[in-house]
Amino acid sequence: MTVATRQTWNPVQYSKNARFVSDLGMPVVELLAPCAGECILDLGCGDGPLTKKLADFGCQVVGVDASQEMITAALSLGLDAYVMDGHSLQYKCKFDAVFTNAALHWMKQPEKVIAGVWKALKPGGRFVGEFGGYGNVATIVAALESMLVKRGIEAKAVNPWYFPGIEEYKNHLEARGFTVNTIMLVPRPTPLPGDLVGWLETFAKSFTAALPASEHMQFLEEAAGLCRTKLSNADGSWTADYVRLRFYATKANRCRPGM
Ligand code: BEZ
């Protein structure tokens, strides 16, 4: 089933509540090991901080993101960036690598995304990334879904996130022809810069969109309340139960017929 995501992005709110998403992206950049002169696609580049980092390595980087607001912010950093849905990438044999951080969990049709990445890569190219893996923010998802169910709303239909396990995502990559060199789940409890309501306001818009605007804040405060015993700390700060799926896959130099 395809879920029409109601998520929207506000770069100012994102900077306040979610800057850690790109700040914590360096392990993926290191796994990519970019070389000067390489042509790299940043899939789901957001407002562009990691795209900029790759450009600073001397790479020729193109960023794509489904959000016009985020692309406007990326362009303001002087980046080469375009509004494009990751399910329908428009490139052919152009890139040495496709890099992606914290974006694939918003794309619920992995076969389409992986097919577009395969097409975009040159033979021998690599697909390196990290996103939410199986069990990611499980406490938060359970709270949001249980509260929607209580209101008679089918929660699975509004959940915009795709958090696969290792075998599931490896199978998708291999089905398209990739060789999977590395794939792992990385539990990463993540301290939040503010409270959980701020995180939910930034990331959980698909859930609140199912309710009248007048109920949004109470809904988010109740959801945060359900998570309090597991995710809040003695000093009042919050730590979200992030789990990342990190992978490195390659497109063979010679493709089998039909690949
Ligand atoms: C993230 O961007 O890291 C994220 C987004 C939604 C849910 C969980 C994590």
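This is a predicted model: local features need pLDDT of at least 70, side-chain atom pairs count only at pLDDT 80 or more; totals for chains, interfaces and linings use all residues.

Modeller: Residues are numbered from 1 along each chain as its sequence is written, and side-chain values use heavy atoms, with hydrogens and water left out.

Colleague: Which residue has a polar side-chain atom 3.2 Å from an oxygen atom of the ligand?

Modeller: The surrounding residues, with a heavy atom within 4 Å of the ligand, include Trp106, Asn136 and Tyr242. In the side chain of Arg244, an N or O atom is 3.3 Å from a ligand oxygen. The 3.2 Å distance to a ligand oxygen belongs to a polar side-chain atom of His105.

Colleague: How do the residues of the shell divide into nonpolar, polar and charged?

Modeller: Ala, Val, Leu, Ile, Met, Phe, Trp, Tyr, Cys and Pro count as nonpolar, Asp, Glu, Lys and Arg as charged, and the others, Gly among them, as polar. The shell therefore divides into eight nonpolar, two polar and one charged.

Colleague: How many salt bridges are there?

Modeller: A salt bridge needs a side-chain nitrogen of Lys or Arg within 4 Å of a carboxyl oxygen of Asp or Glu. Glu38 and Arg126 form one at 2.8 Å, N to O. The count comes to 11.

Methods
A polar contact is a pair of N or O atoms within 3.5 Å; within protein, one must be able to donate a hydrogen and the other to accept it, and residues adjacent in sequence count only if both atoms are side-chain atoms.
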